[in-house]
Amino acid sequence: MEAISIGLLGLGTVGTGVVKIIENHQDKIMHQVGCPVKVKKVLVKNVNKERDISITKEMLTTNAEDILNDPDIDVVIEVMGGVEETKDYLTKALQNKKHVVTANKDLMAIHGAKLLQQASQNGCDLFYEASVAGGIPILRGLVDGLASDRINKLMGIVNGTTNFILTKMSKQQRTYNEVLKEAQELGFAESDPTSDVEGLDAARKMTILATLGFSMNISLEDVKVQGISKVTEEDIRYGSQLGYTMKLIGVAQRDNEKVEVSVQPTFLIDSHPLAAVNDEFNAVYVFGEAVGETMFYGPGAGSMPTATAVVSDLVNVLKNMRLGVNGKSAVAPQYKKKLKEANEIFSKYFLRLQVKDEVGVFAEITSIFSQHGVSFEKILQLPVKEKGLAEIVLVTHHASLADYENILVELRDLETVQTVKSSYRVEGGIK
Ligand SMILES: NC(=O)C1=CN([C@@H]2O[C@H](COP(=O)(O)OP(=O)(O)OC[C@H]3O[C@@H](n4cnc5c(N)ncnc54)[C@H](OP(=O)(O)O)[C@@H]3O)[C@@H](O)[C@H]2O)C=CC1
Ligand SMILES: N[C@@H](CC=O)C(=O)O
Ligand code: NA
């Protein structure tokens with residue numbers, strides 16, 4: 001029985017896992033698709049690089065054309081990363097009627113709409129399950145499992161590297177730099193880990209999730225992003241004292257026809273299910289009008305978990321080939337994009353201030369909040385080493401982003417406020 005030939009772009013952390021799964025799970029794959037599957041050619045940068053997988057040099061190439069123009073190759077699996085060059089490769093593959101599976105959230109967040117259109121025009125499948133939350137089948141969960149429901153909120157931990165870092169900082173009091181290095185060694189981080197720690201990787205994933213979840217063309221520019229590089233051990237400790245766990249949270253929320261999408265370090269009440277998601281694990285809460293509250297959980301990064309999602313997409317392509325229905329699954333966004341204004345975005349906030357330890361300072365500060373109609377859920381005042389100073393930690397009740405940003409401006413103008421040390425969104429607790 002003739003095998004289906006695959007072209008692989010990339011043989012790094014994920015690509016290596018893809019080759020291993022195709023080899024080790026060949027029987028299960030064959031049973032589902034009715035024929036053997038083999039990797040025919042692999043694009044790499046350096047054919048002489050040491051790899052923890054046995055592969056013949058004949059299978060390796062540094063010329064993408066050897067794959068994109070090979071008439072025997074039916075499916076191109078892209079696990080090389082990068083955006084512009086990779087977009088050109090995948091466009092060529094689709095024009096040559098090759099189906100595409102990718103794990104590339106950078107590419108899909110920026111050029112996904114165009115590539116999906118090209119796939120449909122060429123009768124090709126373009127699947128990208130691995131691009132969001134690694135091995136968790138969240139995209140199929142949204143598109144298939146919750147196809148009948150109207151999704152109003154998606155909230156989750158969608159970056160394994162930062163979750164690994166925050167977990168070790170919180171639970172083992174390890175330093176940020178030491179844990180980031182370990183995450184890189186474990187293959188969780190992007191080639192440029194700035195993408196992880198500054199929240200961009202999570203923002204790209206939230207772009208993809210919100211586009212599918214809300215059936216609206218959300219672009220990366222619509223996502224407000226803040227990473228974890230400025231989170232300090234002190235913040236984590238203060239938060240823990242108040243019963244919070246720090247996580248990098250992506251939120252996409254729809255109220256009526258307007259949406260907000262953001263990524264930021266967030267204090268979760270310790271009892272929140274997402275507070276228990278640790279290390280490189282991810283989890284996505286999906287709130288649907290009919291289904292209510294669901295949560296998808298699993299490894300968001302790493303070779304084999306991510307490769308599982310890639311090869312599962314491959315199996316779906318091959319199943320469609322057997323049925324002759326390739327290129328028919330993508331559905332264009334249904335709704336026109338409408339973004340919320342700052343006065344329509346509501347949350348609770350954690351604010352840490354260093355102030356002069358003088359009579360009346362506290363009243364001065366709280367009066368600014370009350371002038372904007374914002375009250376408090378928790379208040380903590382602590383002495384600090386510097387003489388004549390004190391630290392105040394405030395957790396507000398729900399406030400609009402517009403009001404909160406105005407309050408921060410007025411606090412910074414106060415002579416008695418030395419520094420606004422930190423400010424974080426808070427999720428969970430008293431409504
Ligand atoms: N790591 C993870 O846990 C996850 C990664 N992803 C995504 O999967 C993709 C791959 O990630 P990962 O496997 O970690 O990346 P790696 O850096 O480990 O591997 C990249 C691979 O692509 C090859 N490559 C890169 N650029 C080129 C180029 N211009 N020409 C030819 N070959 C090239 C490299 O070649 P060589 O080996 O010769 O250097 C390497 O084999 C990325 O888009 C990433 O965002 C998605 C989910 C999870
Ligand atoms: N660098 C990413 C890899 C998976 O998408 C992460 O840490 O989640
Ligand atoms: Na996934």
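Contact is taken here to mean heavy atoms within 4.5 Å. The structure is a predicted model, in which local features need pLDDT of at least 70, side-chain atom pairs count only at pLDDT 80 or more, and totals for chains, interfaces and linings use all residues. Residues are numbered from 1 along each chain as its sequence is written, and side-chain values use heavy atoms, with hydrogens and water left out.

Ligand 1 is surrounded by 24 residues, a residue being counted if one of its heavy atoms lies within 4 Å of the ligand. The closest are Leu11, Val14, Arg51, Glu190 and Gly302. Distances between N or O atoms were examined for pairs within 3.5 Å. A backbone N or O atom of Leu11 is placed 2.8 Å from an oxygen atom of ligand 1. For Glu85, a polar side-chain atom lies 2.9 Å from a nitrogen atom of ligand 1, whereas for Glu190 a polar side-chain atom lies 2.8 Å from an oxygen atom of the ligand. Of the 890 Å² of accessible area that ligand 1 has on its own, the protein covers 85% (Shrake-Rupley method, 1.4 Å probe).

Glu190 is listed by UniProt under "binding site" in an unreviewed entry; such annotations may be inferred rather than shown by experiment. Glu190 is located in the loop between α8 (176-185) and α9 (194-197), helices being DSSP runs (H or I) of at least four residues. Its relative accessible area of 24% makes Glu190 partly exposed, a class between buried (under 20%) and exposed (over 50%), computed with a 1.4 Å probe and protein chains only. Not counting residues up to four places away in sequence, Glu190 touches Lys105, Ser195, Asp196 and Asp201.

Note on methods: Chains are lettered from A and ligands numbered from 1 in the order in which they are written. A polar contact is a pair of N or O atoms within 3.5 Å; within protein, one must be able to donate a hydrogen and the other to accept it, and residues adjacent in sequence count only if both atoms are side-chain atoms. Helices (H or I, at least four residues) and strands (E, at least two) are DSSP runs, numbered from the N terminus.
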